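Dear colleague,

Please find it below, followed by an account of what was found in it.

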Amino acid sequence: MTAAHVPPSSAEPLEFRGATKRYPGAAEPAVDALTLEVPAGEICVLVGPSGCGKTTAMRMVNRMIDMTDGDILLGGRSVREREPSALRREIGYVIQQVGLFPHRTIAQNIGTVPELLGWDRRRRDERVAELLALTGLDEDLASRYPAQLSGGQRQRVGVARALATDPPVMLMDEPFGAIDPINRERLQNEFLRLQERLRRTIVFVTHDIDEAIKMGDRIAVLQRGGRLQQYATPAELLMQPANDFVRDFVGADRALKRLALLRVRDVDLWTEADIDFRLEVDGDGRPVAWIWPDGRRSTSVTVVERDDVLRDALSDLLQSQTQYGAVVDPRGRLQGILSVELIHDFLVPEAAAASGDA
Amino acid sequence: MIAQGDNGFFRERTDTCVTDNGLCPGWVVDHLDRYTTPLLQHVFLTVTSVAAGFLIAGSLAILAHRRRWLVGPITNVTGILYTLPSVAVFFLLLPITGRGNLTAIIALTAYTLLILFRNILAGLDAVPADARDAGRGMGLTDRQLLWRVELPLALPAIMAGLRIATTTTVGLAALAFFAGAGGLGEPLEAQKAFKTNVVFAGGLCVALAIVLDAMILLVQRSITPWTRAA
């Protein structure tokens with residue numbers, strides 16, 4: 001690796017301990033005794049309606065806002081003991097408006113914190129080149145100014161700049177909020193792939209529950225007044241909302257949202273023994289036709305892959321004649337059978353148990 | 001003087017021009033030296049006053065940028081200085097600072113303050129909030145934020161203020177001879193009935209304003225490359 005390569009710092013856990021922010025004269029606190037732990041290397045999404053204190057909570061981590069009570073521990077160490085500007089240089093910071101410096105080139109923007117830390121020119125340049133590649137930006141952009149880039153490119157530069165010194169913790173405030181839906185989806189996916197490699201501890205703020213479910217390893221749902229309603233994995237949140245507020249917030253379609261988190265392979269598939277008709281396969285084990293009990297043969301077989309998202313699979317099944325689908329591996333060989341009924345039982349285990357008793 | 005050869009013919013015509021109080025380029029060519037010192041004095045007065053005003057107004061603007069309550073009082077005081085008639089200020093200062101450059105420079109500097117203060121402050125205020133927030137969030141101290149982010153981004157407004165202040169001061173410095181500081185006002189006043197003199201001295205003032213303005217514009221373009229990058 002080059003001299004500029006930053007040895008990956010190990011991500012550090014982050015812990016809110018009764019962190020509270022009270023503004024003078026305000027009736028209720030902006031953040032009310034927030035207590036939660038973010039394990040090292042995980043994305044914690046703070047989500048809630050506007051005015052719920054999610055951004056305030058995030059900004060207390062790097063002391064852009066100072067707590068009035070409680071504490072936040074970064075790697076076991078209180079942020080209150082740290083000198084704010086030194087603390088902030090160790091924490092990546094990405095905001096919705098990106099906040100690139102219009103008067104500095106892309107390379108200079110990305111090199112901001114390395115420059116503050118006194119890295120020499122060569123080391124900075126090499127790190128900039130690495131980060132441009134990492135975030136999927138053309139190296140020709142290094143000498144451009146922010147105004148010459150598209151919104152998506154600017155947001156990538158924002159992420160590259162936050163990663164410049166490979167900080168153990170990153171704060172991201174609606175980082176993809178100002179991007180059009182198609183590019184937002186792309187940036188989200190790219191960022192998740194990046195995070196798989198980098199494994200930073202990330203606090204991610206959004207008002208969009210779908211984004212929260214997609215990006216979060218854990219989700220903290222906050223209500224107005226900065227009160228934590230539930231802190232759980234996306235699946236738990238969708239399956240067992242803690243109260244009416246969370247249930248409303250995740251939306252009436254939370255079952256569909258859960259389907260988007262699951263894949264066909266997560267379901268215990270049926271075999272031919274479980275159904276009262278047969279599935280004909282060819283010599284390579286690929287499904288060919290349904291054979292009905294009365295001997296009728298139907299070659300319109302809905303095929304889904306094991307790795308398909310369950311929501312897409314359900315959509316395919318609902319459009320098929322039979323509401324049954326043949327599940328195949330990537331080489332097209334039959335692995336089992338999926339049905340609308342099976343998906344329902346999988347989503348609502350109690351209902352399945354009850355019908356089994358009957 | 002005795003006329004000789006071709007020059008003699010020319011000079012004779014010039015002299016007729018002068019007695020007729022016309023516009024006489026020949027006379028100007030012969031008497032250029034009487035404008036050299038006033039022009040240099042004029043440049044000196046302008047540059048010194050604008051530089052002093054820039055330092056004072058810049059410090060005040062930076063101060064008021066962080067302590068907003070100062071904006072009102074500073075605007076009021078510099079505003080009053082700006083509205084005082086300049087000749088009156090020269091005479092008011094005479095008993096204290098006497099005749100000479102100091103009196104003229106104090107008065108001229110006072111005139112630049114409001115223009116420069118307002119422009120520098122407007123430039124600092126126009127720095128995008130997100131750039132400021134990102135800068136603080138990345139760990140820039142207040143001082144680093146000011147010198148690395150806020151002042152560079154305020155440069156277009158600051159330079160615009162400098163241009164206005166400079167051209168205004170070139171005009172006002174034409175009155176500096178009242179304070180005994182010379183400048184192009186002096187030769188202009190000395191022969192104010194002679195058209196050629198008035199037009200040439202006045203023209204020098206205008207040319208000086210244009211040249212200084214163009215120089216500042218050139219500097220501005222070279223130090224704000226990002227403004228032409230979009």
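Predicted model: local features only at pLDDT ≥ 70, side-chain atom pairs only at ≥ 80, totals over all residues.

Chain A has 358 residues, of which 39% count as buried. Its secondary structure consists of 14 helices and 16 strands. Taken along the principal axes, the C-alpha atoms of chain A fill a box of roughly 80 × 50 × 35 Å. Of the contacts in chain A with a separation of 6 or more, 64% are between residues 24 or more positions apart.

Chain B has 230 residues, and 38% of them count as buried. Ten helices and zero strands make up its secondary structure, so that the pattern read along the sequence is α-α-α-α-α-α-α-α-α-α. Chain B is more spread out than a compact globule, because its radius of gyration is 23 Å, well over the 17 Å that the globule rule gives for 230 residues. Along the principal axes, the box filled by the C-alpha atoms of chain B is roughly 80 × 45 × 20 Å. Among contacts in chain B between residues at least 6 apart in sequence, 72% join residues at least 24 apart.

The two chains touch each other through 20 residues from chain A and 16 residues from chain B. On the side of chain B that touches chain A, helix H7 (129-137) and helix H8 (142-172) of chain B each supply at least two residues. H7(B) gives the largest share of that side, with six residues. By class, the residues of chain B on this side are ten nonpolar, three polar and three charged.

Within chain B, one helix pair may be of interest to you. Helix H3 (residues 33-66) of chain B packs against helix H10 (residues 195-223) of chain B at an angle of about 40°, and their axes are 11 Å apart. H3(B) and H10(B) are therefore oblique to each other, and H3(B) passes H10(B) in a right-handed crossing. On H3(B), the contact is made by B:Tyr35, B:Leu39, B:His42, B:Val43 and B:Thr46. H10(B) contributes B:Ala201, B:Leu204, B:Leu208 and B:Leu212. The contact of H3(B) with H10(B) comprises seven nonpolar residues, two polar residues and no charged residues.

With kind regards

Notes: Residues numbered from 1 in each chain as written. Chains lettered and ligands numbered in written order. Contact = placed C-beta atoms within 7 Å. Helix = DSSP H or I, 4+ residues; strand = E, 2+ residues; numbered from the N terminus. Nonpolar A, V, L, I, M, F, W, Y, C, P; charged D, E, K, R; others polar. Rg over C-alpha atoms; globule rule 2.2 N^0.38 Å. Buried ≥ 20, exposed ≤ 12 C-beta atoms within 10 Å, placed from the backbone. Axes fitted to C-alpha atoms, helices over the stretch in contact; angles between N-to-C directions. Parallel < 35°, antiparallel > 145°, perpendicular 65-115°, else oblique. Left-handed = near helix turned anticlockwise from the far one by under 90°.
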